[in-house]
Amino acid sequence: MATNTAMKKQTGLTGNSAIAIAMKQINPDVCPAYPITPSTAIIEDFSSYVADGDVDTELITVESEHSAMSACIGAAAAGARVMTATSSQGLALMWEMLYIASGMRLPIVITNVNRALSAPINIHCDHSDSMGARDAGWVQLYSETVQEAYDNLIMAVRIAENEKVLLPVMVCLDGFITSHAIENITLLDKAEVQSFIGEYKPERSLLDIDHPSTFGAMTLQDAYMTFKHQQSEAMTRAKDVVSSVSAEFAKKFGRNYGLIDAYRLEDAEIAIVILNSAAGTTKVVVDELRKQGKKAGMLRLRLFRPLPHKEIADALKNCKAVAVLDRADSMNDFGGPLFNEVRSALYDGETRPKVISRIYGLGGRDYKIKDATDVFDELSAAVKTGKTDTLTKYITL
Amino acid sequence: MAETKKDLPKGGVIEKGGTAHDYYTGGWRKLVPVVNKDKCTNCMICWVMCPDSAVIVQDGKMIGFDLEHCKGCGICAVECPDKVKAIKMEEEAS
Ligand code: SF4
Ligand code: SF4
């Protein structure tokens, strides 16, 4: 994957520092911020860039995340390029405003450093925060590594502002595991970032007094559904836009990201489907099993909203048994959110693999090589017997 | 409003000013304000207080209500000075 361009200038950075640097290079007009663990360092670093005059950004310190997202919406309606970062309870407090941002078609970009939701209170990684926001109308990109989180944030600006999309984008990375661990990554130059994202030309601005307009007006039975339909179609179009922006990024900078990351799946009989950093551990186990002659593979979704359902179905079509690992529980007695959507994506296939749900790593619980190995063992047994143990189960308990 | 639903601007933006005039809030009304011009002193308090700008003023005189926009809230009747009380809210004639 890495070309010479992609390997230049290696720097050791935490996920949070890399995100803050991406924000510095993007130089958004407005950043309303209310820092929260584990994304605090993003705003901490970024506020020093503001104080040092490295960016032109108006940093608005607000009294809550609800206000942070409200200020994002106001600034975006005024035609500004807007970014912020949050986690967990912070994203939960933004809830009401998340839907307003997407319904008003404002291309806001936020970083969500994934952290478990209370209760019990916990500051460590799981995906209950962003999974809770999965139907809020935001494009969601998930990042395995610090490098990918940095690259995703830069691409997110282009995806959000694309005239066929005009939807807010959330870039997710794992709390502490990715946000606080130092990885060797390659930064782009500010000029490269600026030329890639280009100038933002909003279609309308509240500040354009020559063309007065109303944002957020009431719509009733005669119009509301039409706006939701438009929004839904924009989300459908976002898939191709993510592909084309990623292809352009690969061409310019040598780092290639698909909508999904299919690892050794071509002839795989058993596979794990997973998001974010846990893909790394899973790939190690896939390699180990391959050495033993077992046909194991892994599928990681980079894009979760919109769901690349055709790509998922295609990638898993030859598998006999699949485990979908969720770092969040839907509390529905029927498996996690990723499981339900992946399993549904496979329904129309000619050959439907057995699909099981395994919930792992809640509240930062480690997911180790042994855990992935055990899941693959379960899948091998299912292939042999044609039966699965239980449909849903907690692992790493 | 746009010609067809397909043309509705993204995100529910209303692309021009002054559109409240085209929205007939009069349809919401249950009670209708009726002014007794024999009592009215043309103090204009009702004109100031009406949330729908539905009090009609001509040549410095309060002359009645714009019933396409008056939503029947009764604020004018309450705000008309106690010594005058020139506005009564009555049942809409059916
Ligand atoms: S009833 Fe309400 S809306 Fe109608 S004229 Fe009086 S104040 Fe205005
Ligand atoms: S508030 Fe009463 S007195 Fe004053 S203009 Fe209105 S109706 Fe007349």
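Predicted model: local features only at pLDDT ≥ 70, side-chain atom pairs only at ≥ 80, totals over all residues.
**View 1. Salt bridge between R302(A) and E148(A).** The closest N and O atoms of this pair are 3.7 Å apart.

**View 2. Salt bridge between E203(A) and K10(B).** Here the side chains meet at 2.9 Å, N to O, and the pair crosses between chains. On chain A, E203(A) sits in the loop between α8 (190–197) and α9 (224–253). On chain B, K10(B) is found in the segment before β1 (31–35). E203(A) has a relative accessible area of 45% and is therefore partly exposed. K10(B) also counts as partly exposed, because its relative accessibility is 24%.

**View 3. Salt bridge between K283(A) and D261(A).** The N to O distance is 3.4 Å. K283(A) is in helix α10 (residues 278–291) of chain A, and D261(A) is in strand β9 (residues 260–263) of that chain. The two are 22 residues apart, and the pair links distant parts of the chain. With a relative accessible area of 17%, K283(A) is buried; D261(A), at 19%, is buried as well, since the cut-off for buried is under 20%.

**View 4. A network of salt bridges in chain A.** Salt bridges that share partners join E144(A), E148(A), D261(A), K283(A), R300(A) and R302(A) into one network. Over all chains, the whole structure has 27 salt bridges.

Definitions and conventions
Residues numbered from 1 in each chain as written. Chains lettered and ligands numbered in written order. Heavy atoms only, no water. Salt bridge = Lys/Arg side-chain N within 4 Å of Asp/Glu carboxyl O. Helix = DSSP H or I, 4+ residues; strand = E, 2+ residues; numbered from the N terminus. Buried < 20%, exposed > 50% of the residue type's maximum accessible area, 1.4 Å probe, protein only.
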